[in-house]
Every structure is written in C-alpha cells, then in structure tokens.
Amino acid sequence: MPIDRRAFINRTAVTGAAMAIATTAGTTAASAAPAGNPEKAAKPKKTHSFSILGTTDLHSHVFDWDYYTDAAYKDSAGDAVGIAKVATLVKKLRAEKGADRCLLVDAGDIIQGTSLAYYFARVDPITGKDGRRGPKHPMALAMNAMRYDAAALGNHEFNYGIPLLRTFEKQLDFPLLGANALDAKTLRPGFPPYAVKRLRVHGGPDVKVGILGLTNPGIALWDKDNVAGKMTFPGLVEQAKKYVPRLRALGCDVIFLTDHSGLDGSSSYGDSLPYVENASNLVAEEVPGIDAILVGHTHTNVPTYTVANKETGKNVVLSEPFCYGKRLSVFDFELELEHGRWKVTSVTSDTLPTEQEDEDPVITRLVKADHDATVAYVNTAIGTCTEDLSAAEACWKDVPVMDFIQKVQMDTVTAGLSAADAALPMVSIAAPFSRTADIPAGDVTIRDIAGLYTYDNTLYGKKLTGAQLKDYLEYAAKYYAQVPAGTKVDTATLTNANSFWDYMYDTMAGVAYEIDIAQPVGSRIKNLTHNGAAIDDAQVFVIAVNNYRANGGSGYPHIATAEIAFSSTTEIRQTMIDYVIAKGALDPKDFAVSNWKLTQAGTPVF
C-alpha cells in the first residue's frame with residue numbers, strides 16, 4: 001500500500017499551535033514573616049492548576065451498544081461503554097474545573113473493534129468506494145466535537161492498512177502522535193512525535209505542556225502485512241529518551257506521555273522483537289523529566305500508579321482508564337512559579353466511571369445515522385442454522401461452533417494451494433475469541449458470525465513439521481492451570497493460567513490429541529495422531545492460521561518463521577459469511593468432529 005512520501009515527511013513537524021486560552025492564576029499566602037520583622041512578609045508565590053483528561057482503547061465504541069447481541073451493552077461488572085457517555089463526563093469536568101484548565105488526550109486503538117468500525121473500513125469505507133468520496137469516520141466526528149487535543153496511535157490503528165489510517169488522520173482536528181512510528185526507509189517520524197499546548201495564565205507566563213505520543217512495537221508483528229517495508233517501530237524507552245529532552249529544550253513546563261503500552265514490563269510475543277510490549281513503567285523508570293503517563297493497550301483499570309525514576313528519584317504518575325469508554329482518567333497538576341518558570345509541585349490521578357452518565361446529545365446527533373446503518377447491516381440474514389451452536393464451553397471442550405471456523409479455514413486454504421502442497425496433510429488452528437458467542441437455530445445474521453469471530457484477521461497457510469506442531473500445542477496448553485489427578489476440575493479457575501488469555505489459546509483440527517492437565521506445562525500433549533496413526537516428527541503439515549498468529553502474535557514457536565504456502569487478504573469472518581451464504585444452512589453434520597479433549601492422567605475430564 002503506497003505512502004505519499006512528501007506528506008509522510010511533512011508530518012514530522014511539531015503539531016498543535018499554541019492554545020490561546022485565558023485562565024486565572026491562583027496564589028498562595030506567603031509563609032510566616034521573617035523573625036524580628038513582622039511587617040515584612042514574603043511575596044506570595046504564584047500557583048496554577050490544570051487537568052488532563054484521558055481515554056484509551058475506545059475501539060469505536062460510540063454508544064452503549066453491543067452490535068453482536070443487538071442490545072445495550074451488558075457485562076458482569078455493570079459497566080457501560082461509549083464515547084457518548086465519556087463526552088458528558090468531560091463536559092461536567094470542564095464546567096467544574098474550567099474548560100481553559102483542561103486538556104483531553106487519548107492513548108490509541110480508536111478505529112477498530114466494533115461492527116461500526118468494520119462498516120466504515122470495509123462496507124462504506126472512509127477512503128471512498130466505486131469512485132465516490134468516502135464518509136467521515138464516526139470516531140472523527142465524535143472526537144472532533146469533544147475537542148480532543150491529541151491522541152497516540154494504537155496498534156489496531158494499522159489493522160485496515162496505512163491508506164485508511166491516513167484518511168482518518170486527515171479527518172481529525174487534532175494530531176495522531178507516534179514518536180516510535182517511523183518511515184522504514186528514511187527512519188524519520190511517520191506521524192508527529194509530539195504536540196505542545198499552551199495554557200494561558202492571567203498575570204503569569206503561559207504553561208507549556210509537551211504531549212509525547214508512543215505506540216506499540218508489536219505492530220511490526222501483528223500487522224506485518226500492512227506495515228512491512230513501509231514503517232518500523234522502535235522501543236518506547238529509546239524514543240522517549242530522544243524526545244523528552246527535546247520537549248524540555250523547547251521550554252515545556254510539563255511533560256505528559258500518552259503510551260499505547262501497558263505498565264507491567266511484559267511482552268506477549270516473547271523475544272520475537274527486541275522491544276518490550278508493555279513498557280510504560282520502564283519509560284517512567286528510565287527516562288528522566290516525565291511528569292505523568294496516560295497508559296493504554298492492556299484494557300485495565302488503573303486509577304493511579306507511581307514509578308520512581310532511577311536517575312532523579314522523582315515520582316511519575318501513571319493511569320489507565322480501562323477500555324471502550326468505561327472510565328475516564330483524570331490527572332490533576334499543581335504548579336508553582338519559580339524564577340519565572342512553572343514547576344510541577346504535585347500530580348495526582350484517578351479514573352472515573354461513566355455508566356451513570358447520559359449519552360451526549362451532540363454526539364448522538366452526529367453519529368446516530370452511522371450507528372443505524374451499522375445495525376441494519378449486521379442484522380442482515382445470510383442463511384439458517386439447524387441447531388444452536390454455542391461457544392460457552394469452547395475454552396475446555398471441542399464444540400461444533402469452533403469446528404465451523406476450522407472447516408472454513410481448511411477449505412479456503414486447500415482451495416488455494418499448489419498441487420504439491422495440496423498433497424500434504426492439512427491442519428487448522430483457531431482460538432475461542434468469545435465465550436458469549438452463539439449462532440442460534442433458525443435465521444443466521446452477519447452479527448451472529450461477527451460475534452463468533454470478533455477480529456478482522458486474514459488467513460495464511462504455513463508449513464510445520466510434526467515435531468513443531470507438537471511444540472505448538474504444548475505452548476497452547478499452558479493456558480490451563482495444573483489440576484492433579486483425583487482433584488475436581490473447576491472451570492472458573494481452569495483457564496487463563498500464566499496470563500494466557502482466551503484469544504491467545506489455540507485449538508487444532510485435522511489431528512487428534514489429548515491435553516493432560518495433571519501434568520506440568522511442557523509435558524501435556526498426549527496421543528497426538530493423524531488419521532489414527534502417531535505423528536511422524538518429520539512429516540510436513542500445512543497449517544491454516546490467522547495472520548495475527550502467523551506473524552508471531554502471542555509468541556507461539558516456529559509459526560512466524562514457517563514457510564508460507566497460502567495467504568489471503570479477505571477477512572476470515574467474511575469467508576465464514578460467504579460459506580453460510582453458499583451453503584444456505586449451517587449443519588454441524590458438515591463439520592463437527594470431536595478431535596481433542598482434556599484429561600487427568602489419561603481420564604477424560606468432561
């Protein structure tokens with residue numbers, strides 16, 4: 001996907017003109033008068049306060065709506081979602097604190113994640129279609145109306161390709177920041193690295209706030225098909241060390257980072273990249289001069305988290321406001337004028353819930369038509385199903401609805417193989433993305449398929465040996481907690497061991513195997529067979545696998561470097577929809593095969 005290099009390089013300039021807004025500086029009383037001279041009081045120090053409000057991982061949730069269930073969003077915690085509710089809370093805080101004392105910033109993952117996002121990427125794309133100009137993205141409409149000051153790039157911003165992202169960027173009234181999103185050829189910033197905002201203070205100098213944006217290095221793996229040869233993504237620490245001093249040199253009084261990167265120092269991709277995935281804590285610890293960090297990427301509610309910088313000992317305040325608009329981070333800054341420059345004396349943070357807020361009428365007016373068009377699209381009937389297919393037990397049982405995914409993947413890859421590769425045995429890999437997914441008996445709609453396959457992944461065929469295939473399954477099996485033989489298995493505590501989440505856990509079709517959860521990690525795969533015979537370590541298989549996993553997502557062994565036998569740019573979800581349309585009816589008799597199970601010392605668990 002070609003990039004306009006001139007536009008690419010021009011965007012490296014600093015963004016964000018000075019924000020000319022008048023505020024009133026507060027003052028504090030002088031400390032006690034000098035001893036022996038009660039009439040001579042110290043001159044009061046001028047102070048000022050302001051706030052930065054932060055969102056992250058909105059994933060195109062505008063309204064409190066679940067497009068997969070065609071109903072209001074509902075979860076066990078009672079949270080609500082949507083930027084329309086966030087907008088109401090932002091208005092309240094601006095009224096309370098003063099609009100001239102508030103900045104609004106996002107930490108990325110804006111344009112992917114709901115059927116609304118998909119609709120404006122593929123059905124009625126913002127890039128235009130059939131020679132006509134595309135619409136404005138609903139998230140651009142909403143965020144512009146809310147007067148965002150800046151946003152960091154998230155990894156999911158690249159899911160639909162760079163051209164669509166560039167179109168979205170042009171539709172915004174604020175900069176998309178990415179100090180570590182570089183042009184692969186020039187190594188210059190592909191997006192503005194930072195913005196500088198000025199808060200005007202009556203009777204004192206402006207407060208200059210430097211906002212540095214950092215995205216996730218994992219993009220190089222997860223969206224390799226979209227960014228390889230076009231962009232490169234170095235580490236957060238490395239780029240922050242470059243740009244924080246530059247912002248200080250520009251006279252910034254406050255340095256605020258918006259990071260699409262978690263704060264526990266972990267990486268889901270192991271050592272596939274030399275840069276840490278969740279590095280916000282490391283940035284705070286290793287880069288001096290930072291006051292606070294808005295954190296994203298991990299969909300976690302962190303009201304406040306403090307990290308001491310190794311070099312200066314200064315505390316850096318971090319906050320992550322969950323995801324989907326469920327929370328809003330609020331950073332409160334206190335400053336004092338010292339020798340003509342503002343100095344930060346205090347930073348605090350918290351996250352505020354949005355479920356009690358009404359949806360903002362301005363956002364509703366701007367985006368309601370887009371929402372209605374998406375609802376109509378996802379409720380389009382595409383066929384029927386002979387019986388209910390539920391994913392509720394897919395994380396610990398081989399269920400027919402997962403075999404539906406595997407069947408479509410194997411058929412698609414098989415049809416695209418060379419004659420030589422078509423002679424090899426075929427295996428498919430799929431993860432249980434949603435435990436609430438359900439394809440009902442009767443009419444099947446697009447939203448039923450979208451609720452089962454929630455990501456916009458495309459399909460690969462790669463080659464693994466029998467030995468590599470077993471390694472792959474052993475890696476997947478760490479998803480289960482170890483439960484000794486004779487101990488009752490509780491599904492509430494069985495899964496997600498080792499911080500291995502549902503979307504990371506792969507099951508296979510085309511081979512038969514058992515997972516002995518009584519055994520330690522690394523020794524769990526038993527009775528691995530193909531067509532009833534033990535698998536030869538040297539036998540080569542073609543593996544149908546999604547692009548995220550094929551490029552190294554979740555750190556599985558061998559797959560990222562495996563030989564490619566097939567690739568497609570069509571989303572797996574769309575291929576599933578096409579299958580239902582072609583068949584007319586989904587019938588488990590066409591695809592359901594029970595080929596794997598959990599055991600304890602050889603005894604089946606379920």
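**Cavities, a helix and a sheet**

Reply: Helix H3 (115-123), helix H10 (361-378), helix H13 (446-452) and helix H17 (572-583) each put at least two residues into the lining of the largest cavity. Helices here are DSSP runs of H or I, at least four residues, and strands are runs of E, at least two, numbered from the N terminus. This is a predicted model: local features need pLDDT of at least 70, side-chain atom pairs count only at pLDDT 80 or more, and totals for chains, interfaces and linings use all residues. Residues are numbered from 1 along each chain as its sequence is written, and side-chain values use heavy atoms, with hydrogens and water left out.

Me: Which helix gives the most to that lining?
Reply: H17, with three residues.

Me: And how many residues line the largest cavity?
Reply: 15, and Thr114, Ser115, Tyr118, Ala450 and Arg573 lie nearest its centre. A lining residue has an atom within 4 Å of a cavity point, and a cavity is a set of points on a 1 Å grid over the protein atoms alone where a 1.4 Å probe fits but cannot get out.

Me: What volume does the largest cavity have?
Reply: About 110 Å³, counted as the space filled by probe spheres set on the points, with grid points joined across faces, edges and corners.

Me: How does its lining divide by residue type?
Reply: Eight nonpolar, five polar and two charged. Ala, Val, Leu, Ile, Met, Phe, Trp, Tyr, Cys and Pro count as nonpolar, Asp, Glu, Lys and Arg as charged, and the others, Gly among them, as polar.

Me: What lines the second largest cavity?
Reply: Ser60, His61, Val62, Phe63, Trp65, Tyr67 and Thr114. That cavity has a volume of about 30 Å³, and its lining has no charged residues.

Me: Switching to H10, where is the kink centred?
Reply: On valine 367, at about 50 degrees. The bend is the angle between axes fitted to the seven residues ending there and the seven starting there.

Me: Is Val367 buried or exposed?
Reply: Buried, and other buried residues in H10 include Asp370, His371 and Thr374. Buried means under 20% relative accessible area (1.4 Å probe, protein chains only).

Me: Now the sheet: what's the strand order?
Reply: E23-E19-E31, an open sheet with mixed pairing. The edge strands are E23 (442-445) and E31 (585-586). Strands pair if DSSP finds at least two bridges between them.

Me: How many bridges join E19 to E31?
Reply: Two, and these strands run parallel. Cysteine 385 stands opposite leucine 586 in E31.

Conventions:
On a 1 Å grid over the protein atoms alone, a cavity is a set of points where a 1.4 Å probe fits but cannot get out, and a pocket is an open set with protein on both sides within 12 Å along at least five of seven lines; lining residues have an atom within 4 Å of a point. Buried means under 20% relative accessible area, exposed over 50%, partly exposed in between (1.4 Å probe, protein chains only).
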